[in-house]
Amino acid sequence: MVETFDKRDVISEVISLGATVLLLTVLSTAYLATRGQDKNGVAWMFAGSALAGLLSGIVLALFVLTTTLIDMRGVFINVKPSLISLLTLKQENLTLGIVYLIGTSTVTGLVGAVLYRTPGRVRQALLIAFLCVLTLGVMQELLRVTFSNIGFLAQLIKSLYEKNGLSVIGAAGIFIVTFTLTLVWSFAQSPVQARIAGLSSRGQFILKSSVFLLLFAALFFIPKALDNIYIGEVLANVGLFILMGLGLNIVVGFAGLLDLGYVAFFAIGAYTVGVLTSPERGGTLNFWEALPFAIAIAVLFGFILGIPVLKIRGDYLAIVTMGFGEIIRILVLSDFLRPWLGGAGGIVGIPKAEILGFQFAGPIEIYYIILIGIFIVVFLAIRLKDSRLGRAWMAIREDEDVAQAMGINLVWTKLIAFAIGASFAGISGAIFATKLSTIYPQSFKFDVSINVLALLILGGMGSIPGVIIGALMVVGLPELFREFEDFRFLVYGAALVVMMQLRPEGLWPETLHMRELHHEHAPPEPASTDSIPAN
Amino acid sequence: MQLVRRFLPLVIGIYLLLFFGPLAGFDFFRIVGEIYNKPSLLLQQLINGLANGSIVAIVALGYTLVYGIIELVNFAHGDVFMLGAFMALTVIGATGVTETSTASEKLTAALLAGAAAIIFCGVINVIIERFAYRRLRNAPRLAPLISAIGVSFIVQNIGLFWGGLRSFFPIMGVNSAAPKAFPDLIGRVDVFKDWFGLDLPITLSTKELMVIVVAAALMVGLRLLVQYTKIGKAMRATAENRDAAKIMGIDIDRVISFTFLLGGALAGAAGLMFGLYNNTVVFTMGFTGGLRAFTSAVLGGIGNITGAMFGGILIGLLAAFSDQYFSSRWTNAWVFAILVTVMVFRPTGLMGENVGQKA
């Protein structure tokens, strides 16, 4: 894994991704070490951070020494010469390399202290600028492919990059531009926000809708302008997961019912379209005629699966829904349903969607169907969230007993949550079927449910923009790091744990939810099961 | 009227089973016919089910202990069980014992592997609690659960990675994801025939005997530990009411850590037993094993130690029965069906007290 990191350069010929990660680790260690030393004075602080850097350097140096002197390839399978060369910063001479390593670590440690001393505004700007350079450095290949059709952008990219990463000048340029912009924005942010808040409600509405229209136009025209199948494919996959994420968001995020068998509804949507449209299975409908059936059947199953689990709470619900997800897959695989669903062979020859003779064949065309679907679903989700029903869901999420005492019909409200969540997944599955033309039971494994859950957690439960950010990260980012495909679920698992520990509200949290979470963290409330919380 | 209402779900259930059961291999008349023609097969399956069920029960104890004390379904527990099997396999590989070694060598290797697996899994479980759950003890209920799902994925990937270390552990075989052969250290000696000279139509091999005896010993040991030692008392007090226990001077963190240690150790022992009994381990076995064990814990009444044991044995029997008479492909579906049925009609399990508020 470390080795694959080293093959990529962030800045061509200067620093590789592996070295960046290494230095970042040392830096954050030193930064954390500095954090407690404030009260002892500046000198102590610098000494502490330098010591932290030095220690990390020495540990790494010891590692290098032992691995080069004793052959430990058997123990650390990942230790290959390239790792050693990475650790010693590409020095041929071992002693010199170790001196370099310790020296660089100490200096990095000091940088950590300096970073700690800089004012928050500047530190934030530095951090964002650094992240921009890192991201752009890693995204080189993608950007090249993306903008190869647009003349001046292709020129710009050519000038920014060298063969294996950013050029030094390009990196410096990006750094300075983003740094200045962030700094300026940090000063301008509050006046601008005040101006917006000062506008009349009409003005705010116009502003909001124009931003929305601009966004829509950008999403609508960019893929067409790029005209790149790979980008279309990635965007379409992200879109399918956004649709599913929005559905699961209603079940988990709004109503607080942890559903681990969500893939079942995705599968139901896909198989309905498959059975109804594929000529191989005797289907005669076209995609648009089959779509309402897919949604209806998904909703029906949402009800059917919802009824028995209504009484079940919390942890149990997670396992039971997981069971349903597996049962649906076993059913699809069974001999009994083979004549209709094709067993392990799946359904092939699902026709593409068509409007007035225009065929939605390629990923970019499918992308438009998905885009429109997302807009409709986002609209529905926003409206639902603020509706009476949405507030009832959130009341159930917070406290079921109190919600019931307030006159909320638990059974009906939960069932509706399941059904609406299922319908969104049904749409997603239907589009998935027409996108691939072939569906196999293998596409509907437990992993999909976990993907959707992970994107929800990353983005922030209950937050609609969070779903979009989460989907971009969970589905989009792995496309950038193709060589780490094997470790994908390791990363998801780690992300779930780390998010729960450090930022349970997600990356783009819903304001209300964030307030509650942080309120709960502040005074550790005694765990009482029988008394109603005072607030 | 009261009677009708009481038995209506049961009647509906039986009708549903008779109508839809055949889809999942539950063909009542065929099964009755098969059993009538060859009753010894049923007895044989009961013995197999008892052995597999004992292993499931030991894993279930880990779920039930943890749930009893912090009301968390430790999703990662099944995967810790998998790590136990991998640890045992690694140690046996390192000792170089094969199926042709002498009995004393085999015994030493098995004991070493057991000790290593038990210590390793116990420690791993404590580490998991420390880093993934402790901070979330007062967080909203979903948080530790999601954290547990994450840990489960991490541990599963550790298993996958471990299985790929063939240059260091040749016993792991070529493919990291493929099932690995676990050396058959016990052998299949028919107890009835070779030890007692009885000629019965069914066989009870030394393997099954070993599993059942070890599992029974572990369960009795756990029971005694929880019932009669000081730390056991502290565990029961913490499970009953954490705050009151704290006021009484019990170190809650220590008790919870100890509970995880105990659960992990049991999972390690179960991992070794699974390997010795089934002679194959794979990195995904934690998922299926964990699912069955969790179902057993729920079936017996989660939080209840005796319940978990009986639940485990029942699930083992059901799985063996389903493998023989329904279809092994449907076994997991049947296990799930049992789980759903129990949760809907008797959420407290067969012998659980009322935990409706907690669940």
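Me: Which element of chain B has the highest mean pLDDT?

Reply: This is a predicted model, and its overall scores are ipTM 0.82 and pTM 0.78. Chain B averages a pLDDT of 85, with 92% of the residues scoring at least 70. Among the elements of chain B, the lowest mean pLDDT, 69, belongs to helix 1 (residues 2-20) of chain B, while the highest, 94, belongs to helix 11 (residues 252-278) of chain B.

Me: Which residues of chain A lose the most area to chain B?

Reply: In the model, 52 residues of chain A are in contact with 50 residues of chain B. Between them the two chains bury about 4500 Å², and 74% of that area is on carbon and sulfur atoms. On the chain A side, three residues together account for 17% of what that side buries, namely D315(A), Y316(A) and Q501(A).

Me: Are helix 3 of chain B and helix 8 of chain B roughly parallel or roughly antiparallel?

Reply: Helix 3 (residues 39-70) of chain B packs against helix 8 (residues 206-228) of chain B with the axes 9 Å apart and an angle of about 30 degrees. Angles under 35 degrees count as roughly parallel, so helix 3 of chain B and helix 8 of chain B are roughly parallel.

Me: How many nonpolar residues are in the contact of helix 3 of chain B with helix 8 of chain B?

Reply: Helix 3 of chain B passes helix 8 of chain B in a left-handed crossing. Among the residues that meet there are I47(B), L50(B) and L61(B) in helix 3 of chain B and V211(B), I212(B) and L222(B) in helix 8 of chain B. By class, this contact has one charged residue, two polar residues and, as the number asked for, 14 nonpolar residues.

Me: Which residues of helix 17 of chain A make the contact with helix 11 of chain A?

Reply: Helix 11 (residues 229-254) of chain A and helix 17 (residues 388-398) of chain A have axes 8 Å apart, at an angle of about 50 degrees, and are therefore oblique to each other. Helix 11 of chain A contributes I250(A), G253(A) and F254(A), and helix 17 of chain A contributes W393(A), M394(A) and R397(A).

Conventions
Residues numbered from 1 in each chain as written. Chains lettered and ligands numbered in written order. Predicted model: local features only at pLDDT ≥ 70, side-chain atom pairs only at ≥ 80, totals over all residues. Heavy atoms only, no water. Axes fitted to C-alpha atoms, helices over the stretch in contact; angles between N-to-C directions. Helix = DSSP H or I, 4+ residues; strand = E, 2+ residues; numbered from the N terminus. Parallel < 35°, antiparallel > 145°, perpendicular 65-115°, else oblique. Left-handed = near helix turned anticlockwise from the far one by under 90°. Contact = heavy atoms within 4.5 Å. Nonpolar A, V, L, I, M, F, W, Y, C, P; charged D, E, K, R; others polar. pLDDT = per-residue confidence, 0-100. Buried area = accessible area lost by both parts, 1.4 Å probe.
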